[in-house]
Amino acid sequence: MKSMKQSLKNIQGLSGQKSVSNADLCMLPHVHLPISFKTPKFETYDGHGDPIAHLKRYCNQLRGAGGKEELLMAYFGVSLVGIASKWYMDQDISHWSIWDDLARDIVKQFQYNVDIAPDRKSLSNLKKTSSENFREYTVKWHEQASRVKPLMDETDMASVFLQAQKADYFQNMMFAMGKPFAEAIKIGEMVENGLKTGCILSQSAIRATFQAIQRGSGGAASRKKKEEVEMAASSLRNPRQPRGYFPPNTPKHYYPHQDVAYAMTPQS
């Protein structure tokens, strides 16, 4: 009688919930692990990135299973976290008779990560937000860049990275062109510090000050401040050339003295 009541509870669940019996909770209850088998520490997959890449890593880590598909299927849930784990737990595994069925379903579910993978154009449009510092932005940008196919080398990556910068960073990081990506990061952090401390005057600050002066009284102090702002803005647009600089291909003319008293008859 007690056995019948327990079976009825297992069928109906506890207070209307699903059954918590071992047979119902275990994804593959018929699979028995070898006594000497040691569970490896899996690299987890959270539903982001290439699902096929995760399947490759998982199969390589579980080579100790001796190629037994039931062990591959039984341990696969351990390698999933986040939305991937939630998807796995919601599946009806009755239609997974072999490993290929499971692998095909997870690839189908998360293939969109590959289909919407970033490219160079999307990377150049990935701007830094006001709520993140330069290093946080760089880490986020580099993670996206690592998904671009074919993979970019460090120099090419730095070039695309510069194209993604806002005006204040772009004009002060131009000499990072052609350098490795790590060098571009260091230069960007120096620019960020310069903007914070006022050593580098941002274009937005120049515009704001200029507009404030235009709305002011127009006194001598305001005119002087306006001239300083205009000079700073001009120096950003047209950097001063070093002393002794001559533009290329500049013609050089010689003009003789025009005083008649000093005129000399040229010798034959």
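This is a short tour of the structure above, stop by stop.

**Before you start.** The model is predicted: local features need pLDDT of at least 70, side-chain atom pairs count only at pLDDT 80 or more, and totals for chains, interfaces and linings use all residues. Residues are numbered from 1 along each chain as its sequence is written, and side-chain values use heavy atoms, with hydrogens and water left out.

**Whole chain.** Show the protein as a cartoon. It has 14 helices and zero strands; helices (H or I, at least four residues) and strands (E, at least two) are DSSP runs, numbered from the N terminus. Of its 268 residues, 28% count as buried. Buried means under 20% relative accessible area, exposed means over 50%, and partly exposed is in between (1.4 Å probe, protein chains only).

**Helices α3 and α6.** Select residues 51–61 for α3 and 99–110 for α6. Two packed helices are described by the angle between their axes and the distance between the axes. Here the angle is about 145° and the axes are 9 Å apart. Axes are lines fitted to C-alpha atoms, for helices over the stretch in contact, and angles run from 0 to 180 degrees between N-to-C directions. Now show side chains: P51, I52, L55, Y58 and C59 of α3 meet W99, A103, I106, V107 and F110 of α6. Contact means heavy atoms within 4.5 Å.

**R57 and E43.** R57 lies in helix α3 and E43 in the loop between α2 (22–25) and α3, so the pair ties together parts that are 14 residues apart in sequence. A salt bridge is a side-chain nitrogen of Lys or Arg within 4 Å of a carboxyl oxygen of Asp or Glu. By this rule the count comes to six salt bridges. R57 is partly exposed at 32% relative accessibility, and E43 is partly exposed at 45%.

**K86 and D90.** Next select K86 and D90, another salt bridge, with the closest N and O atoms 3.3 Å apart. D90 is exposed, at 54% relative accessible area, and K86 is exposed too, at 56%.

**E189 and R135.** Finish with E189 and R135, whose closest N and O atoms are 2.8 Å apart in their salt bridge. E189 lies in helix α12 (residues 181–197) and R135 in helix α9 (residues 134–145), so this pair ties together parts 54 residues apart in sequence. E189 is partly exposed at 24%, and R135 is partly exposed at 48%.
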